Amino acid sequence: MRVSAPSSAPRSPRVRRAAAGTLALAALAAPPAGATTAQLVWEYDFAAHVAENFSGTDGWSGGYGADPWTTAWFGEDRELNPRSDEGGGSWGSGQAIDNHMLATTRGPWRELAYEISLVQYDDDAAGIVFGYQNSSSFYLFFYTEGQMPGTGAGAETEGRGYFLYKVTGGTAVLLDDNSTARLGISTPGGAARYNRLRCEFERGHIRCAVNTASETGGFDSSMVVVEADDASFFPAGRIGVWSYQSGSGQGLTGFRDPKVWLLDTDEDGVVNDADCGITDPTVYPGAEDVADGVDNDCDGETDEDATDPGDDDTDPGDDDTDPGDDDTDPGDDDTDPGDDDTDPGDDDAAGDDDDAADDDAADDDAAPPGGDDDGLDPDFVPAACGCSQPVPAGGGAGALAALALLAVVCRRTR
Ligand SMILES: [Ca+2]
Ligand SMILES: [Ca+2]
Ligand SMILES: [Ca+2]
Ligand SMILES: [Ca+2]
């Protein structure tokens, strides 16, 4: 259904805007995904860029050239209006269904809160796009009390309420809708009344709210009209506005005062779009990358700022004060300060210093001939005998018995 634009006094005086102050985000109670802070990264004033054909102005670009947009339609009342918006088509076909205006040089953004004011003299669909990848893939939030594109290819249908679509490769799926929430956006033939639309996108959770009572009055949870989770959400994309069948040569849809905030879920001062740990306030670009197995500073390397990069911190007995201790010997308990950890056969018994003067019976006889004092070396030769036969290898009782036998042999050969 089509309505005519008011023929006289088409617009009431502009609503006097409240002074910039507390961000509306803070007033949107109980954010479901924990968003409590955000950074305003962009706002735009269409009134400062009056153009008959607005596409191409300051980075804005129309998605469908046959339906131009303008900021000069109503003289001093300079919002952004579609000049025409006819026909149907399908997503990405270059028909009216694609009649959007994108901020092509802002962003791309993903984890955001996006607001804009909308006035609607028609009863057909109008809304906003975000996460825009191309004309066939984007998120679309709109309101209608008349004509609208359906799901799938976008064949025209009629509806009433709020709709949240995800259009992927030219096919729209319904993420959520709401036909019971108070509408009140459309004001066919009546005085201009701007409504504030807001969509938040945080970690795949999308929710959109409408304030139908005040263009600048902020939001609370009662104003949320659609809400959904999208586990396979798009990467960062552009934002824009969208109008369907509401041009009719009269510019029945108007937008103004877009604003974008980027969300900082963990309140570490770095917005989610730049934070590799969006729920961990110890992880952000510029953080010290300590030895914890985590890339704390989001540079792709892990633990590069740690004092001892070879220390894996998995040994509770390792105090990390000995630079010569590489923690790679599981048999080293690090409890003997005199142990230099260079002998893999070392059992770390107290008092064992692994040197040539070792008198431990468990010594492996690595000392040079004659340098060992245990008398049990394989290369030991009794100096008083003159026999050239070496003592059999081994130690303990066997070796002592061999020594006794050798003494008998020596005596008999004299
Ligand atoms: Ca953060
Ligand atoms: Ca973080
Ligand atoms: Ca790092
Ligand atoms: Ca680390």
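Reply: A strand is a DSSP run of E with at least two residues, numbered from the N terminus, and two strands pair if DSSP finds at least two bridges between them. This is a predicted model, in which local features need pLDDT of at least 70, side-chain atom pairs count only at pLDDT 80 or more, and totals for chains, interfaces and linings use all residues. Residues are numbered from 1 along each chain as its sequence is written, while chains are lettered from A and ligands numbered from 1 in the order in which they are written.

One open sheet is built from 6 strands in the order 1-17-6-13-14-15, with antiparallel pairing. Its edges are formed by strand 1 (38–43) and strand 15 (224–229); each has a single partner strand, so one side of each is left without a neighbour in the sheet. From one strand to the next, the twist averages 20°; axes are lines fitted to C-alpha atoms, and angles run from 0 to 180 degrees between N-to-C directions. Strand 1 is joined to strand 17 (residues 253–263) by 5 bridges, and the two run antiparallel. Within strand 17, W261 stands opposite L40.

Another open sheet holds 7 strands in the order 2-5-16-7-8-11-12, and its pairing is antiparallel. Strand 2 (60–62) and strand 12 (171–178) stand at the edges; since each has a single partner strand, one side of each lacks a neighbour in the sheet. On average, neighbouring strands of this sheet are turned by 20° against each other, direction ignored. Inside the order, strand 5 (residues 100–103) and strand 16 (residues 238–243) run antiparallel and are joined by 3 bridges. Opposite L102 stands G240 in strand 16.

How values were computed
Helix = DSSP H or I, 4+ residues; strand = E, 2+ residues; numbered from the N terminus.
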